[in-house]
Structures are given as C-alpha cells and as structure tokens.
Amino acid sequence: MKRVMLIGILSTGLFIAGCSDSGKKQAFEVPFDGKMEHVHGIGYAGKDNGLHFASHTGLKIYRDGEWLETSKNHNDYMGFNAVDDGFYTSGHPGEDSDLPNPIGIQRSADGGKSLDEIDFAGETDFHGMAVGFSSHDIFLMNPQKNSKLDQGFYRSVDNGDTWDEAAGAGLAGELLHLAIHPSDSNWVAAATSNGIYLSEDAGERFELISGDGTGTSVYFDEENLYFASFTSSPEMTKYTLSDASKEKVELPEINEDGPVYIAKNPQEEKVFAIYTIKGQAFISKDGMKSWEQILDNGHVIN
C-alpha cells in the first residue's frame, strides 16, 4: 500500500512538474531587456493595450510599463500594420519559421502566435503597405511584377481576393511611408522625399499638402492625418481632414532625428507613440503635450 501511495505521489509530482515545464515552454510572450534593430512599423495591435514593434527578429511589445518579446515566430516583419483584431505584415521568415521567403502578405489575429496567408507568399516583400485599422482594406506599392500584379499601386477591399490598380498620379520622390484611413479607404497618404501627399480618391491622384523637407511618416485616425517631416530639424503636424487645417505637434527633444512611425492607442484617446530614425521611441499620455522615452538607440528603457 505504501508503495502504491508513493508511486501515486511521485506520478502526481512528475505530472505537475511536467505541466510546469510545458507551461514555461508554451509561454508566447516573455520578458525582454535588450536591443532591437531594424524596426519596420509600430502599432497598437488588437485590444490588449500593447504597443507592438515589428523588428528584424520578431515582435517586441511595450505594455503597462514592461517590455516583452515573443518566444517564437522571430520573423523579419516589413510593411507592418496594426488593426483592430491583430496585424497585417510582410517581410521574411525567421530561422524558426517554415514560411516561404518572402512571406508575402500575412495576417495574425492572435498576437502573432500564428499567421494566415493573404497572398503572394514566396513572391513579394511589401515594404510600402497600409491597412485600414477597422476596414482591413489594403493599399500597397508593388515593387516589381509578380503572378497577379504589375509594378505600381494597388488596393484590395476584400482581404486580397481581388486587386484594383491605383494610378498614384501626382506623387513625386522616393516613397518612404504609406497610410490609409481606419475606415474610409478613399483617404490615402504618402510620405516621400519630396514631402507629404494626400489622396481623397483611393490613390488615383495625390496632392502635395506639405513640401517642407522630406516626409518621414504618415498616420490616420478617424478625424486627422498626422505626419512628420524633416528639414534642418524634425516637425510633426496634425492635419484635420474636414477643413484641411494644420496644427504643429510638440515633439520631444530629438534634435537631428525624426519620427518614422506614428501610432495612437484606439482605446485611450490621448495616448500616442513615435519611433524615430535613430531608434528612439516615446509615448505621450496627454495628447502629445509631453513625452516619456521608452527606447534609446534601440535599447529598451525599463
């Protein structure tokens, strides 16, 4: 009887230990304290209140004052766009991935644990891609001809089932960033080496709305376009869509640097974030009146 009880206790202990080890192995988000490189997008993906950074080695997440990273799917994410239930992305597979290279357009609705192919896996890496936060409409620049698209601008309103070409008339300079309105995909913005451009007809024609220096970033919320540019110093502007009025935004002291990605927390109206050319990141909790630094030259700040 004692032997049976002992075996039972040992078996239970082993079962508990096994669950514990398995639980540790299955943890998808783990603490991160290091440096991230080659960030190609930021955003509040889904509804978990985390600011996601699409880095060369997978997702890094800043949530509730803590830094995390994913324990798998260390893909090199390009064309990263946060949406209301996750994110869309392109890029290249990580060493732990069985995805084709390049990964085409992929979508995740579970924080990056799994990816579902939209189109072009094994064909194209889309750096210039924008996705509507709530509409999920896709606007992109196809860098070279693939099996479905010629080189140029295209839009899909049915999650990649069909693609309509957009003329992109009026755009000039090297394309650096694209953005599409969260719900009305007639509004498309582009940042180029010539400035900031805005389209009201789904990318058929663009109008230069700011020619002051190089445009570095564009971002829409429902009422406004936020854009950043650089001349001798960085500038950020809020452009109201209803009346085309402009208002300068107060940036942190970043000197010879500038925002390349802008994000807003859809669940907290006054929370914004920026990521800069030199790998700095800042969060504002008061509508961009003041900023807290959370990343310095790629190194996290805890």
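**Close-up views of a predicted model**

In strand β25, Q293 is the bridge partner of F282. This pair and the other features described below belong to a predicted model.

**View 1. The pairing of β24 with β25.** Strand β24 comprises residues 281-284 and strand β25 comprises residues 292-296. The two strands run antiparallel and are joined by three bridges. Strands of a sheet pair through backbone hydrogen bonds, in either a parallel or an antiparallel manner.

**View 2. The hairpin of β25 and β26.** Strand β25 is also joined to strand β26 (residues 299-300), by two bridges and in an antiparallel arrangement. D296 stands opposite H299, a residue of β26. Two residues lie between the strands of this hairpin, and N297 adopts a positive phi near 55 degrees.

**View 3. The open sheet β10-β11-β12-β13.** Four strands, in the order β10-β11-β12-β13, form an open sheet with antiparallel pairing. Its edge strands, β10 and β13 (164-166), each pair on one side only. Neighbouring strands of the sheet are turned against each other by 25 degrees on average, direction ignored. Between β10 and β11 (residues 138-142), which run antiparallel, there are three bridges. A130 has F139 of β11 as its bridge partner.

**View 4. The largest pocket and its lining.** The largest pocket holds about 980 Å³ of space. Its lining consists of 43 residues, of which F80, N81, H177, L178 and V218 are the closest to the pocket centre. Two or more lining residues come from each of β2 (42-44), β6 (76-83), β10 (129-131), β14 (175-180), β18 (214-220) and β22 (259-264). Strand β14 gives the most, with six residues. By residue class, the lining divides into 24 nonpolar, 13 polar and six charged residues.

**View 5. The largest nonpolar core.** The largest nonpolar core contains 20 residues, and the members that touch the most others are I42, L51, F53, W67 and Y275. Two or more residues of this core come from each of β2, β3 (51-55), β22, β23 (272-276), β24 and β25. Strand β22 provides the largest share, three residues. In soluble globular proteins, nonpolar side chains tend to be buried together. Strands β2 and β22 are also among the elements that give two or more residues to the lining of the largest pocket.

Methods. Residues numbered from 1 in each chain as written. Predicted model: local features only at pLDDT ≥ 70, side-chain atom pairs only at ≥ 80, totals over all residues. Heavy atoms only, no water. 1 Å grid on protein atoms, 1.4 Å probe; cavity = no way out; pocket = protein on both sides within 12 Å on 5 of 7 lines; lining within 4 Å. Points joined across faces, edges and corners; volume = space filled by probe spheres on them. Nonpolar A, V, L, I, M, F, W, Y, C, P; charged D, E, K, R; others polar. Pairing = 2+ DSSP bridges. Axes fitted to C-alpha atoms, helices over the stretch in contact; angles between N-to-C directions. Core = buried A, V, L, I, M, F, W, Y, C linked by side-chain atoms within 4.5 Å. Buried < 20%, exposed > 50% of the residue type's maximum accessible area, 1.4 Å probe, protein only.
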